Protein chains: 2
Amino acid sequence: MSGTSIQDISSYFLHLQSRIAEALMARDGRLHTEEDRWQRGEGGGGITRVFSKGSVIEKAGVNFSDVHGASLPPSATAHRPELAGRPYHAMGVSVVVHPLNPYAPTSHLNVRSFTTEGEGHTVWWFGGGFDLTPYYPFEEDCHHWHATAAAACKPFGAGLYAEFKAGCDRYFYLKHRDETRGVGGLFFDDFNRLPKREAFAFTKAVGNAYLDAYFPILDLRKDTPYGDREREFQLYRRGRYVEFNLLYDRGTLFGLQSGGRTESILMSLPPLVRWEYRHTAEAGSAEARLTDFLKPRNWLSESELQ
Amino acid sequence: MSGTSIQDISSYFLHLQSRIAEALMARDGRLHTEEDRWQRGEGGGGITRVFSKGSVIEKAGVNFSDVHGASLPPSATAHRPELAGRPYHAMGVSVVVHPLNPYAPTSHLNVRSFTTEGEGHTVWWFGGGFDLTPYYPFEEDCHHWHATAAAACKPFGAGLYAEFKAGCDRYFYLKHRDETRGVGGLFFDDFNRLPKREAFAFTKAVGNAYLDAYFPILDLRKDTPYGDREREFQLYRRGRYVEFNLLYDRGTLFGLQSGGRTESILMSLPPLVRWEYRHTAEAGSAEARLTDFLKPRNWLSESELQ
């Protein structure tokens, strides 16, 4: 069993980044790939990997960042002001995949660790989660996504899936549309209720589960025939992704406000997006039925949750 | 000379909305038009006019709103807390025009009036302005735009153009890109330093000047031949418009947070937008030269400012 040092965590995150990048490349021989290794004046840096213009993947970003400094900015710890000014270390992997085929959903993963040192003890926590944003409603995809999420949580405690599933529904919510961003998944933060080794194991389980949750759905949908209607609807719905990320997403807003690397932060935005005044889907159409998927609901039965 | 009653102001705003709508329709026989008359539970309503899918205009919104209530929400008066709870009346016209041709710039106009009553006196002010967002850099367009703005300001006092031009550069600024949204124009708010009749006349002068500032530029550029390269660059640059409106624009954020009419507020967003990781323009190209236009500069000479 691995340890929980900065090196252990960094090593896992880098390995996860590679596995996801390989999973994308294995599915798309035409994918254009870029890799940027960047450094940050205050300490640390990252590896941004961007995939674009493929036949399966229209755009994807798979980012690793490892950022540290001698003094945590007060703005980074609004809910824990006592940590301001301490040495800190934040690491994470962020992934967004925007497939070309409108029947294939967009997915997002984030796993991260945070540590501060000082005053005789270490404060640490993990955070992250994954969520799915379909353009066309398929019950079985959502069921598979949530079943995989629940299975990843199960060994770490009863109720974790339900708690973090609810957290995901709350977080990825567009108030001005009264819609969730997608069908949710998991969202956890400030996670340190388990011993560090187990909390890290949980975070790894979530990172690993993303691969099992997403790629089977992508494989199932990526070759579905579609036309202009589906493409137009996909581009229209991608507008909601932009609205969420620029209006609500804490990571995006904090990153941009604190002078983060703009191109890495905004890599999550879709490659092509459409806005239309008062778009209305034809009653009873698949596009109209998507709306029912954008309210929190239980995707697993009570017996599946046992 | 007209008065400054609510009816006088409303009548001017509605007339301005009609003139701009007509100017758009006169230039584009294929323009799809929509008009929504909407009402608001707390009092008032508006007329949203949307133009789309034309041969000249890809999308434009020309909105009139007239909103009143018995008690001004505290969030509406962050800088004037003493006005919270009073009866208020806010009216305005907002215009955004996104042309199809990448050589034709996007333009924005807003003019608005605000009044509260109570405690023995009336508090009123006007606000507004217009700004231009080119995709391709043409000095002469920017000069015409700013000369028209300066001419509108001149009868109302020396220094008004310089003051509101600087205000526009400050307001339409994307900190995370270190770029202005475009080449600026005028931006004024809380404007009540002149007698009300003159302050209203100034606001009308700004509204009227928008027509003279914008449509000659649109006419000059709307038929310029272009190809995929220019179209791709236009869609890429439109991403900045979305970033500004969703990350910084006070009207947009306040409107969405306060339960405003989402479809009218987000009507300003471009119809089709593209994001690309680390887009770089070829050195010396027109696309690269646009960057020089996105830092505040004096578009008029000292002698033109006299």
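**Helix packing, buried residues and cysteines in the predicted model**

A:Leu132 is buried, its relative accessible area being 0%. The structure described here is a predicted model. A:Leu132 belongs to strand β6 of chain A, which covers residues 121-133. Beyond the neighbours within four places in sequence, the contacts of A:Leu132 include A:Pro105, A:Thr106 and A:Ser107. The C-alpha atoms of A:Leu132 and A:Pro105 are 6.6 Å apart, at a sequence separation of 27 residues. A:Leu132 also contacts A:Gly182, A:Val183 and A:Gly184, together with A:Trp145, A:Tyr214 and A:Ile217.

Helix α2 (residues 139-153) and helix α4 (residues 196-221) of chain A pack with axes 9 Å apart and at an angle of about 160°. An angle over 145 degrees counts as roughly antiparallel, and α2(A) and α4(A) are therefore roughly antiparallel to each other. Their crossing is right-handed. By class, the contact of α2(A) with α4(A) comprises twelve nonpolar, two polar and four charged residues.

In chain B, helix α2 (residues 139-153) packs against helix α3 (residues 160-171), the axes coming within 8 Å and crossing at roughly 130°. That angle makes α2(B) oblique to α3(B). The crossing of α2(B) and α3(B) is right-handed. B:His146, B:Ala149, B:Ala150 and B:Cys153 of α2(B) meet B:Leu160, B:Tyr161 and B:Lys165 of α3(B). Five of the residues in this contact are nonpolar, one is polar and one is charged.

A further helix pair joins the two chains. The axes of helix α5 (residues 228-247) of chain A and helix α5 (residues 228-247) of chain B come within 9 Å and cross at roughly 50°. α5(A) is therefore oblique to α5(B). The crossing is right-handed. A:Val242, A:Glu243, A:Leu246 and A:Leu247 from α5(A) meet B:Val242, B:Glu243, B:Leu246 and B:Leu247 from α5(B). This contact has six nonpolar and two charged residues, and no polar ones.

Helix α5 of chain B also contains B:Arg238. This arginine is buried, with a relative accessible area of 0%. Leaving aside neighbours within four places in sequence, B:Arg238 contacts B:Glu58, B:His98, B:Pro99, B:Tyr135 and B:Arg231, along with B:Pro270, B:Pro271, B:Leu272 and B:Val273. In helix α4 of chain B (residues 196-221) lies B:Asn208. B:Asn208 is partly exposed, at 26% relative accessibility. When its neighbours within four places in sequence are set aside, B:Asn208 contacts B:Tyr12, B:Leu16 and B:Arg19. B:Asn208 and B:Arg19 are 189 residues apart along the chain, with their C-alpha atoms separated by 9.2 Å.

Over all chains, the structure holds zero disulfides. A:Cys168 is in no disulfide, and the nearest cysteine sulfur, that of A:Cys153, lies 11 Å away. The cut-off for a disulfide is a pair of cysteine sulfur atoms within 2.5 Å. A:Cys168 is buried, at a relative accessible area of 1%. In chain B, B:Cys142 is likewise in no disulfide, the nearest cysteine sulfur being that of B:Cys168, at 12 Å. B:Cys142 counts as buried, with 1% relative accessibility.

Backbone geometry was examined at one position in each chain. Most residues other than glycine have a negative phi. A:Arg278 has a positive phi of about 50° although it is not a glycine. A:Arg278 is placed in the loop between β10 (272-274) and α8 (286-293) of chain A, and its relative accessibility of 42% makes it partly exposed. B:Arg278, also not a glycine, has a positive phi of about 50°. The loop that holds B:Arg278 runs between β10 (272-274) and α8 (286-293) of chain B. B:Arg278 is partly exposed at 41% relative accessibility.

Conventions:
Residues are numbered from 1 along each chain as its sequence is written. Chains are lettered from A and ligands numbered from 1 in the order in which they are written. This is a predicted model: local features need pLDDT of at least 70, side-chain atom pairs count only at pLDDT 80 or more; totals for chains, interfaces and linings use all residues. Side-chain values use heavy atoms; hydrogens and water are left out. Axes are lines fitted to C-alpha atoms, for helices over the stretch in contact, and angles run from 0 to 180 degrees between N-to-C directions. Helices (H or I, at least four residues) and strands (E, at least two) are DSSP runs, numbered from the N terminus. Angles under 35 degrees count as roughly parallel, over 145 as roughly antiparallel, 65 to 115 as roughly perpendicular and the rest as oblique. A crossing is left-handed if the near helix is turned anticlockwise from the far one by less than a right angle, and right-handed if clockwise. Ala, Val, Leu, Ile, Met, Phe, Trp, Tyr, Cys and Pro count as nonpolar, Asp, Glu, Lys and Arg as charged, and the others, Gly among them, as polar. Buried means under 20% relative accessible area, exposed over 50%, partly exposed in between (1.4 Å probe, protein chains only). Contact means heavy atoms within 4.5 Å.
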